[in-house]
Amino acid sequence: MFKRIATSRKARLSFDFEGHRLEAEDGDTVAAALLLAGERVLRSTAVSASERGPFCLMGVCFECLVEIDGIPNRQACMVKVLPGMRVRRQRGAARVGST
Amino acid sequence: MAVQHADTIVVGGGLVGAAISYGLAKIGQGVIVLDEGDVAFRASRGNFGLVWVQSKGDGMPEYARWTRRSADLWPEFAGELAGETGVSPHYYKAGGVHTCLSEEELQARTNLIERMRQVHGPERYEARVLDRRELAEMLPGLGEAVIGGSWSPHDGHASPLHLLRALHAGLLQGRGRYHADARVTAIARDGSGYRVTTAAGVFAAERVVLAAGLANRALAPMVGLSAPVSPLKGQILVTERAATVLPMPTAFVRQTEEGTFLMGDSYEDSGFDTASRPNVMAEIARRAARTFPFLRKLQVVRAWAALRVMSGDGFPIYEQSRTHPGAFVVNCHSGVTLAGAHALALAPMIARGRLDEAFAAFSAGRFDVQAHRDVA
């Protein structure tokens, strides 16, 4: 669905999404890299568990929330991919304190 | 503009004024609530939301008993309020914990709990000091830094904002009327009652209740009373929402119905300043994160400060005027805890025009000394 609009000579890097290895370019946001990889559902809502994905891509709508390296509710559109980053879908409300 | 009449005028539309007005409307009284407007300091909007018994009234047994009476009334009060208005104040009598991070804190707490046990009576009080292991069983994710604390089954919490909204809805369902932007400029005798002049018109009633928080200081002398209250700033931080993990509130951290964590309990004597300040915010966050380390994973989404309405000894003021029959002053810094008693126990006393004898202890006369009468 999404294509990168310009070829670049930026460094390639890989990260983990739900246990799968995905590729990104240096400077990509987590949301952009996931959309490019065809991932459209990044979270389920806390109230009805309905599916959500990136919408505004500018830090406003909070629809792209993911868990990054164990920290819940990160905005995927506001965080740049780093090598080896571990990203998971945010399923419902953040769970803290019980583990 | 025609003068509007009612049985009672309540000056102040915050938690204290609204709870009294709701209680009056509930027993069929006509009530006019005069609210200053959004320029007011609005302590009710900044409240942490505890319904707290275990430590209230150290040094004043009447206040300890009044607080407990309110906590005992809260379940009935919250149920009726939600039933009548459809707005739940999200009250939970879940018990409450005060956590201690050092031996000094725990020793001071142990001494306090023992004093309060004497005040309430051992059978009735039921609060006790718990060690780390007991607390860890009650509170998931409790930090290693917590060495012990105290717990009371009579404590709980509620949403101050939902409570305020429910009280306003409830008073409007009865014979209550609310007027915003009605800053009071004068109170004068009018036959057997009073005429109150405001920025929103003139109102008249048989009785006047001053429940205007810090503004009571200027209003009380208009009816022969005094309200020597001062602001004591408190700051609060709130996190993003998370799945429910805390089964009960603590004095410093509580998880709301919506899932956010409130962190607070700072005390600053800095006049009428209501700004959030990084040094105090950092101290609040540090204590909260030591108490519940999982909070480090959550983002703080809002912070605010509000002004407690404090008397010289920290206890409430309830007084009826000797020179102006039917005029009352009410000041406290526990608008949530005392809401049950204000609505269901205080309002009927005001409706009949007389406080119970035991309320003499809450008179502002206790701040007077012979050499300095009526010191501001």
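Call a residue buried if 20 or more other C-beta atoms, placed from the backbone, lie within 10 Å of its own. By that count, buried residues make up 33% of the 99 residues in chain A. What you're looking at is a predicted model, where local features need pLDDT of at least 70, side-chain atom pairs count only at pLDDT 80 or more, and totals for chains, interfaces and linings use all residues. Residues are numbered from 1 along each chain as its sequence is written, with chains lettered from A and ligands numbered from 1 in the order in which they are written.

Let's stay with chain A. It has one helix and seven strands (DSSP runs: H or I of at least four residues for helices, E of at least two for strands, numbered from the N terminus), and from the N terminus on they run β-β-α-β-β-β-β-β. The radius of gyration, taken over C-alpha atoms, is 13 Å for chain A, close to the 13 Å from the globule rule for 99 residues, so chain A is as compact as a globular protein of that length. That rule is 2.2 Å times the number of residues to the power 0.38. The C-alpha trace of chain A spans about 45 × 25 × 20 Å along its principal axes.

Now hop over to chain B. There, the axes of helix 1 (residues 15–26) and helix 9 (residues 339–352) come within 7 Å and cross at roughly 60°, with axes being lines fitted to C-alpha atoms over the stretch in contact and angles running from 0 to 180 degrees between N-to-C directions.

Notes: A residue is buried if 20 or more other C-beta atoms lie within 10 Å of its own, exposed if 12 or fewer, and partly exposed in between; C-beta atoms are placed from the backbone.
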